[in-house]
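Take a look inside this protein. We will start with a space and end with a single residue.

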Amino acid sequence: MVGSDENHPGVIRPLHSQGVLHAGMGHNRRVLGTINQNTMRAAPHPCPVNKKGPLAEKFAAQITGKQQQPLPEETKKLAPPVQVPIESEDVSIIDVDEYKAASDSPVPMFVQHTEAMLNEIDRMDEDEMEDIPEKPVSDIDSADKKNPLAVVEYIDDLYAYYKRVESSSCVSPNYMAQQSDLNEKMRGILIDWLIEVHYKFELMDETLYLTVNLIDRFLAVQPVVRKKLQLVGVTAMLLSCKYEEVSVPVVEDLILISDKTYSRIEVLQMEKLMVNTLQFNLSVPTPYVFMRRFLKAAQTDKKLELLSFFIIELCLVEYEMLEFRPSLLAAAAVFTAQCSLGGSKQWSQTNERHTNYSKDQLLECSRRMVTFHQKAGIGKLTGVHRKYSSSKFGYAARSEPANFLLEDII
């Protein structure tokens, strides 16, 4: 129920603020007052109080004030007084110091405990409750608890699963030795070209990382002649688009970008061979999956995010980086980018908690990333450097590499 305010017409106020509920509430308060008064009549147990502390003086004043409150007449009818034997008419507060001086016997245990407790309270009051240090590990999901797409309830379990199964999506770092007609340089040329194709088609980031994963997993078990290597790359991108994209490029578009080197039939035949060889297993945790989580843990801005992706895309081209797991690559990319922008080895406990990698575990991988950063615009494989030299990607390629990480090598 609501009513209007006489002093302020038109203002709606709850009726209990105008006294409608005060009558009922008043009786309740008087009954409680009666109970308190009756309780105060009983002889309390001795309560030692240290008069030296400001909190003790305030506590004693409150008790004295309660004892002096008169008993309302109306409440005498409602609650008869409780008859409790009174040992002494004059109940006073015990001073610990006077108690000690008046007796030669050892101080009772309850007095010692009470005195220690009150001294502790005084020290807390003097220190004005010193600030509690901030927790070293922050909750990076607190802002997304109301977002159902963030799946905060089981996000940690999800990434723990990714860490367990990521090894199944990795390939041997020397698988190219099994290819009689291919080498690591040819692989680098193919990946560099596909990064440019991915950029021109404006595909999702996930598509690029899955494309590279499919190529490596396929080449690790299936011999391929060099004339068919580009066909493998185009087909891998087609499969990735079908898995990740909403709008998938048609086969003719992929044939066109490969300068019509292959026919539609060849692309479809290679697609069938690849999915059967990989046993239709396209759900794998790529470095991109871990990048999104680790960047969130690092609480990055856009500049650091773009630099991290620039560094890890440089690694996609390099065959030697296959020896590192996707999660380690992602963590090292974020760490290297932080070092590049901050000028020092920055790796918080929050980063370490969510990546499960310490700074020392990342240094070897990070140093290789620095060397790739140094030579990114040099040589023939400059697709990643050109991509991240544009305004769309914040000119991330122009950032200075973290050269000081290489100076630590003995």
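Three helices each supply at least two residues of the lining of the largest cavity: α8, α13 (302–317) and α14 (326–342). The model is predicted. Of the lining, the largest share comes from α8, with five residues.

How much space lies in the largest cavity? About 260 Å³. The count of cavities of 30 Å³ or more comes to one. How can empty space be found at all? A probe the size of a water molecule is rolled over the atoms, and this shows where space is left.

The largest cavity is lined by 20 residues. By class, twelve are nonpolar, five are charged and three are polar. Five residues are the closest to the centre of the cavity: N213, D216, P287, L322 and L329.

Pick out N213 from that group. Helix α8 covers residues 205–219, and N213 is found in it. Is N213 buried or exposed? Its relative accessibility is 12%. Buried means under 20%, so N213 counts as buried.

What does N213 touch? Leaving out residues up to four places away in sequence, N213 touches S169 and V284. S169 also takes part in a closer look at atoms. A polar atom of the N213 side chain lies 3.2 Å from the backbone oxygen of S169.

Find α8, which gives five residues to the lining. Then find N213 in that helix, and trace from its side chain to the backbone oxygen of S169.

Methods:
Residues are numbered from 1 along each chain as its sequence is written. This is a predicted model: local features need pLDDT of at least 70, side-chain atom pairs count only at pLDDT 80 or more; totals for chains, interfaces and linings use all residues. Side-chain values use heavy atoms; hydrogens and water are left out. Helices (H or I, at least four residues) and strands (E, at least two) are DSSP runs, numbered from the N terminus. Buried means under 20% relative accessible area, exposed over 50%, partly exposed in between (1.4 Å probe, protein chains only). A polar contact is a pair of N or O atoms within 3.5 Å; within protein, one must be able to donate a hydrogen and the other to accept it, and residues adjacent in sequence count only if both atoms are side-chain atoms. Contact means heavy atoms within 4.5 Å. On a 1 Å grid over the protein atoms alone, a cavity is a set of points where a 1.4 Å probe fits but cannot get out, and a pocket is an open set with protein on both sides within 12 Å along at least five of seven lines; lining residues have an atom within 4 Å of a point. Grid points are joined across faces, edges and corners, and a volume is the space filled by probe spheres set on the points. Ala, Val, Leu, Ile, Met, Phe, Trp, Tyr, Cys and Pro count as nonpolar, Asp, Glu, Lys and Arg as charged, and the others, Gly among them, as polar.
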